[in-house]
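Hi,

Here is the structure I promised to pass on to you.

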Amino acid sequence: MHHFINKVIKTMKNDKMEIVRKSQSSLSRLFFERMEIVLMPRFGAGIKFSVYPWALLLFAAAWLALTLYALFAAAQNVDCKIIKADNNIMKTKFAMIAEELSRNRKYIEMSHTTDEQMRQMLGMKGGKHINRPFGEEEEINFKEVFAKNPTEIDEKQINEYLSRTTEMAQERLASFQEIAWFYANQKNISDSTPSIKPATDAVITSGFGYRLSPFGTFIASFHKGLDFAGKPNSKIRVTADGVVRHAGWAQGYGQAVLVDHGFGYSTLYGHLADIKVKAGDVVKRGQFIANMGTTGRSTGVHLHYEVWKDGTPVNPRTYF
Ligand SMILES: [Zn+2]
């Protein structure tokens with residue numbers, strides 16, 4: 001039984017090999033034996049030629065490869081054209097950016113002129129952020145730069161130009177801030193500088209400086225202020241913006257008001273009748289602060305007015 005099966009298997013193997021050999025031989029015949037191709041026109045004699053099938057196959061393969069290559073090349077060319085078109089768009093965009101940059105520079109230069117005019121109008125001298133003139137050599141013709149090939153563009157030069165532009169804009173801002181600060185300060189100074197008469201409808205009866213004492217001692221004394229004689233209870237007005245430091249009795253001055261104006265200025269009003277303010281009050285120039293009287297060491301109804309600058313009494317006549 002076993003022997004029989006083995007024999008059958010052997011036979012089958014032999015058969016299989018036979019089939020393979022046969023198929024191989026028919027396959028090789030198909031490839032390596034010449035075949036005849038006849039081209040027959042409808043009329044007249046035909047053309048007959050013989051070829052090897054493998055040659056035909058080779059030819060077909062070559063044809064396919066060529067076609068594929070041609071397609072690939074065509075695609076590459078399209079890609080190349082797209083890149084070129086992109087390049088042109090980019091160049092146009094760069095040119096626009098370049099123009100924009102140049103325009104921005106112009107605006108900064110214009111603000112530079114405005115800056116100078118403002119400084120002149122305000123009588124500003126010096127300052128940290130005074131305009132620095134622009135160097136001609138800094139100008140870059142961006143149109144020319146971007147017309148170049150990207151590899152030829154000097155990045156360093158452009159970066160320097162851009163950072164210089166930023167720097168200039170920052171400088172301008174700092175300068176304008178300086179001007180604004182100066183103006184605010186200036187305004188404060190002018191508001192804080194005594195600049196009106198403390199009493200109108202009054203006569204100046206005694207000037208600033210050395211004089212004989214009005215109390216008959218015949219000793220030359222220094223009069224630290226101005227005396228304004230007027231009607232009793234006439235209005236006394238503060239001569240600049242400030243803060244009341246003292247309002248009340250003061251030795252020698254009677255009822256008195258002392259106002260601190262800042263920036264080294266203070267004013268004093270003496271021999272008052274009726275004080276309308278108290279210490280700590282913020283007062284504005286021209287504000288009614290008291291009535292004229294004759295309190296303290298006084299010989300008649302009058303206002304004693306002093307202006308102090310940096311700790312020294314100065315002539316009030318120069319402050320109205
Ligand atoms: Zn006086």
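D201 is exposed, because 11 other C-beta atoms lie within 10 Å of its own; the scale used here calls a residue buried at 20 or more such atoms within 10 Å, exposed at 12 or fewer, and partly exposed in between, with C-beta atoms placed from the backbone. D201 has a positive phi of about 50 degrees although it is not a glycine, and it is found in the loop between α4 (155–192) and β3 (203–206). Helices (H or I, at least four residues) and strands (E, at least two) are DSSP runs, numbered from the N terminus.

Before you go further, please keep in mind that this is a predicted model: local features need pLDDT of at least 70, side-chain atom pairs count only at pLDDT 80 or more, and totals for chains, interfaces and linings use all residues. Residues are numbered from 1 along each chain as its sequence is written.

N233 is another non-glycine residue with a positive phi, of about 65 degrees. Its place is in the loop between β6 and β7 (235–237), and N233 is partly exposed because 13 other C-beta atoms lie within 10 Å.

Now for the chain as a whole. Its secondary structure comes to 4 helices and 14 strands, and 15% of its 320 residues count as buried. Of the contacts in the chain with a separation of 6 or more, 61% are between residues 24 or more positions apart; a contact here means two C-beta atoms, placed from the backbone, within 7 Å.

On the helical side, α2 (residues 53–122) has 70 residues and should span 104 Å at 1.5 Å a residue, which agrees with the 102 Å between its end C-alpha atoms. The expected span is 1.5 Å times one less than the number of residues. How many of the 70 residues of α2 are buried? The count is 0, so to speak a helix that is hardly covered. Just after α2, G123 takes a positive phi of about 65 degrees. Helix α1 (residues 2–32) contains R29, which counts as exposed because it has 11 C-beta neighbours inside 10 Å. R29 and P53 are 24 residues apart in sequence, with their C-alpha atoms 9.5 Å apart in space.

Strand β10 (residues 265–275) gives another picture: 9 of its 11 residues are buried, so it is largely enclosed by the rest of the structure. Strands pair if DSSP finds at least two bridges between them. β10 pairs in the antiparallel sense with β9 (residues 254–262) over 6 bridges, and with β13 (residues 302–309), also antiparallel, over 6 bridges. Another 3 bridges join β10 to β12 (residues 288–292), again antiparallel. β9 and β10 form a hairpin with 2 residues between them, and F263 in the turn has a positive phi of about 55 degrees. Y265 is the bridge partner of G262 and stands opposite K309 in β13, while I275 has A290 in β12 as its bridge partner.

Finally, the largest nonpolar core has 25 residues, and I236, V257, Y269 and L303 have the most contacts inside it. β6 (226–229), β9, β10, β12 and β13 each supply at least two of its residues, and β10 gives the most, with 5. Such a core is a set of buried Ala, Val, Leu, Ile, Met, Phe, Trp, Tyr and Cys residues joined through C-beta atoms within 7 Å. Leaving out residues up to four places away in sequence, Y269 touches P198, I236, A256, V257, I289, A290, L303 and Y305.

Best wishes
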